[in-house]
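Try each task yourself before you read its solution.

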Amino acid sequence: MAVEETNKFSIEFYPPRTAEGEAKLDVVHEQLALLSPDFFSVTYGAGGSTKKGTQQIVLRYAALGSNVAPHLSFGGTDDEEVKALLATYREAGINRLVALRGDLPSGAAIHHRFASELVEFIRSETGDHFHIDVACYPETHPDSNSYESDVDYFKQKVDAGANSAITQYFYNADAYFRFVDYCQGKGIDIPIVPGVMPITNYENLSRFSNNCGAEIPRWLCNRLECFGSDKDSLRDFGIEIVTELCDALLDGGAPGLHFYSMNLSGSVTKIWNNLSLSDR
Ligand code: FAD
């Protein structure tokens, strides 16, 4: 049966592409496991490009005793492959998934299948076995025509059987609270957990944010630019800002936090400890 309670504090990894990256992630996993997160999640590369890598990391950390939620999308994969993955995860005792449309590799001519279709597929294949998380966007998905239609499509995922949602990251708590109110007004009643991106590298963050439609407020861009090559000071400032953001989110009633770790343990650990999340 699905795990029905909401898991509150979780940490995301992506599958490394090299043996060296994997060895580093094993150390990061070990360090972050000491925080006792409710679960780790592992992303699924654009168009299913990390299918094997995702599966390997998920099964390895699950075997080490971690609660792990694989991300999954149709991507260019056929239904049989998705069925096989679901069976593998089920046999390994995995009971949580993050279901996505997924990003497509650039230039790929793959037919998009929306995340709501995947949620329906998982429910039809495996009933209530998996707790299904889906993605949502307080600052609106970049392909979306409007705020309203984006939330309508989010509701389709909930109606198809999603149990909870994780947001795209943001640095403006009001965007989250307004979004949650709006979703509730539309009849969406599942927990909406903020996705949190620690700030460790301004260039990378800027690039991701442009791609995924997450806004870095102007004042924050200006402050981050001032650090130039002083990466330690930037990271310390990032920890302060993101701790304050998380504090405001939890004070305002957010049901948990999901950290995009970028396979690094330092900032997540500091923010986690600043907020005493292991004791909450
Ligand atoms: P959907 O919910 O399908 O929505 C995609 C777009 O289509 C939206 O603009 C939506 O408004 C619109 N839409 C939805 N349904 C319909 C419809 N029926 N008709 C018309 N328009 C519709 N990407 C990866 O590749 N791998 C990952 O592991 C991954 N993990 C993520 C985890 C989280 C928590 C988040 C927030 C994002 C993640 N992403 C990942 C990125 C995500 O795949 C992209 O944002 C992708 O572009 C949309 O995925 P989705 O599941 O939200 O899509």
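**Exercise 1.** Is Gly161 buried or exposed?

*Solution.* Keep in mind that this is a predicted model. Step one: find Gly161 in the loop between helix 5 (147-159) and strand 6 (164-169). Step two: read its relative accessible area, which is 18%. Step three: compare this with the cut-off, since buried means under 20% relative accessible area. Gly161 is therefore buried, because its value is 18%.

**Exercise 2.** Which residues touch the most other members of the largest nonpolar core?

*Solution.* Step one: this core has 79 residues, and Ile11, Leu72, Ile122, Phe154, Tyr171, Leu257 and Phe259 touch the most other members. Step two: ask which element gives the most to the core; helix 9 (residues 231-251) does, with nine residues. Step three: zoom in on Tyr171, whose contacts beyond four places in sequence include Met197, Pro198, Leu220, Val242 and Leu245.

**Exercise 3.** How do the residues lining the second largest pocket divide into nonpolar, polar and charged?

*Solution.* Step one: locate the pocket, which holds about 180 Å³ of space. Step two: pick out lining residues, among them Tyr14, Arg17, Lys24, Met262 and Asn263. Step three: sort the lining into six nonpolar, two polar and two charged residues.

Technical notes
Residues are numbered from 1 along each chain as its sequence is written. This is a predicted model: local features need pLDDT of at least 70, side-chain atom pairs count only at pLDDT 80 or more; totals for chains, interfaces and linings use all residues. Side-chain values use heavy atoms; hydrogens and water are left out. A nonpolar core is a set of buried Ala, Val, Leu, Ile, Met, Phe, Trp, Tyr and Cys residues joined through side-chain atoms within 4.5 Å. Buried means under 20% relative accessible area, exposed over 50%, partly exposed in between (1.4 Å probe, protein chains only). Helices (H or I, at least four residues) and strands (E, at least two) are DSSP runs, numbered from the N terminus. Contact means heavy atoms within 4.5 Å. On a 1 Å grid over the protein atoms alone, a cavity is a set of points where a 1.4 Å probe fits but cannot get out, and a pocket is an open set with protein on both sides within 12 Å along at least five of seven lines; lining residues have an atom within 4 Å of a point. Grid points are joined across faces, edges and corners, and a volume is the space filled by probe spheres set on the points. Ala, Val, Leu, Ile, Met, Phe, Trp, Tyr, Cys and Pro count as nonpolar, Asp, Glu, Lys and Arg as charged, and the others, Gly among them, as polar.
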